[in-house]
Amino acid sequence: MHDGERILIVGALLSAGLLASLVASRVRVPGLVLFLGVGMLVGSDGTGWIDFNDYEVARTVGIVALTLILFEGGLAAGLPEIRPVLAPALALAIVGTVVTAVVTGLVAAWLFDFSTTEGLLVGAIVAGTDGAAIFALLRGSTLRRRLARTLEGESGLNDPVAVLLVLGFIHHLQNPDYGLLDFIGLFAQQLAIGAVVGVAVGYVFSFALREARLTTAGLYPVATLASVALAFGIADVAHGSGFLAVYLVGLSLGTATIPAKQTIATFHEGMAWVAQLSMFLVLGLLIFPSDLGGVAFEGTVLALVLVFLARPIATVLCTAPFGFNWREQTVLGWAGLKGAVPVVLATFPVIDGIPRSHEFFNIVFFVVLLSTILQGTTFEPLAKRLGVTTDDPALPRPLAESGTIRRLGAEVLEFPVAPDDAIVGLAVRDLGLPREAVINVIVREGQAIPPRGSTRVQAGDRLHVLYREETSRQLVSLTSSWRTGPIGPRARPARTVRSASSIFTARPWTEGDGDATRPTAISGQEVIDLLRLRRDAPGSLVVLGDGRYALCGSVLVVGARRQVTEWIERRMRVADESERAWLRTALGAVATDQPAQPGT
């Protein structure tokens, strides 16, 4: 077959997949089912247009696809979103996956007359939820944010666990002396190395992308693809979990303040869809319908056991300690969708020559097919029926594409406010934004709020910050302090200077005075509060440690309330319109400020 023919086939299959997705949306069937059908139709046992039964190639394609899917999942979530639900997500990812594998595996051993280890291997193959399937489901869902983030975290973290279970059971089948301690050792080694590599690569690329100024936004996805390849490759070569490393890199970059973030997110979302589509096409190509008759009944029964028994049991056990009620547990249990992950894992025993491994692969077909149709089509109606949805999307979408904004030298940062963040309750003017940054909108309970300086930040808000590229370094440290503090105005001391005796100063601002936007000390007095920030030029209105006010800009004015007020009123008579607008703002701030009184 010529290269041109191969490229033509790829293009035709991708086009067929897109057409299938359009048809699926009209007939209310998950698109992945139709992708699977396309693969079976053109495969060796269908029309025979594509003769494909190379499991090694399929595994390579699957590993690449799975790394892209996991990275996109971490990138879309970000650590601040996952942190509040990290404990239940980890419990579901580790304990839940093991419990699901054991229950399903024991039933599989009974149904198919497998040995216990063979049954557990089948259970491990189908135990993990699929990241891409979950993310696709949540993008069209209004599930409560806590439930959605728990599912996101679980689906990203449980894939390495499922892979390790599969590898462990394969080792035991190949070498009966491979015992529980060996299994635990492999588990600990893979997870530890994968975690270290993921954190290290994520930190390096987050720092590099912040510091670098690439010539075009299109180069940033190239850099993130490099981070994916390096993270997986380094971890795998070091005998660690490359999948865990990739997911952690995605979380790191999803959390960091980096340029062209929306461009990166959009690119990787598309790549994840290509990966998922490719894996379902491969599964369809590898499935021979004529071989399914021997496992059709038992395979369907096992899929039903997995959906109605194994996953719900694991969910209840893992979420009970974290305050989830029975409705939430029901939805979490029903959300154990299968997708590309079992397809990838099912190739492992085939390549390693495990007896009856082709039978395992056919069983996976029924599990994936039933999970996709049954759970995928009923999840949202079930969640609404149980009252665990809201009016807001489970995964908020960006308000606008940032490509044009970036070409103008700016970026947009979306900051989700967690309940324990330091900025909860603070006014917008107290958030410490640099002069070249502004909060242009706050999204609160599905509504857009144009913020004022006095607007208070609430838990659950999403702050959309527009900032110039040159202030990105300041934004990194600032957003970190938004999480942990300290942030906001310092407590005001009682006045030590009275209006009648205050020393008044009015003189030109000099370089020795520092930054007029964020002064730290003026005339030997520490700045303890920022009342107003001028946006059209360097300038601010601050309060000094001795209780006086300082108006900073082209002219430095320092004095008590009456003195500064009188100076502003005189200056407004000769100022141009731009300065007059700023002086009006400063005048109002001085007039309404409430300083501390002695003894308070």
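Predicted model: local features only at pLDDT ≥ 70, side-chain atom pairs only at ≥ 80, totals over all residues.

Across the whole structure, a search finds eight aromatic pairs. Phe-365 and Phe-366 make an edge-to-face pair, because their ring planes stand at 80°, which is over the 60 degrees that this class requires; their ring centres are 5.3 Å apart. Both side chains fall under the 20% limit for burial, as the table shows.

| Residue | Relative accessible area | Class |
|---|---|---|
| Phe-365 | 6% | buried |
| Phe-366 | 12% | buried |

The structure also contains five cavities of 30 Å³ or more, and the largest cavity has a volume of about 80 Å³. Which residues line the largest cavity? They are Arg-534, Leu-551, Cys-552, Gly-553, Ser-554, Val-555, Trp-567, Glu-579, Trp-582 and Leu-583. Strand E9 (549–552) and helix H20 (577–592) each supply at least two of the lining residues. The largest share, three residues, comes from H20.

The mean pLDDT of the protein is 83, with 89% of its residues at 70 or more. Helix H6 (residues 116–125) has the highest confidence, at a mean of 94, whereas helix H17 (residues 403–407) has the lowest, at 61. Over residues 596–600 the pLDDT is below 50, and this stretch has seven contacts in the model beyond near neighbours in sequence.

Note on methods. Residues numbered from 1 in each chain as written. Heavy atoms only, no water. pLDDT = per-residue confidence, 0-100. Helix = DSSP H or I, 4+ residues; strand = E, 2+ residues; numbered from the N terminus. Contact = heavy atoms within 4.5 Å. 1 Å grid on protein atoms, 1.4 Å probe; cavity = no way out; pocket = protein on both sides within 12 Å on 5 of 7 lines; lining within 4 Å. Points joined across faces, edges and corners; volume = space filled by probe spheres on them. Phe/Tyr/Trp six-rings, centres within 6.5 Å; stacked < 30°, edge-to-face > 60°. Buried < 20%, exposed > 50% of the residue type's maximum accessible area, 1.4 Å probe, protein only.
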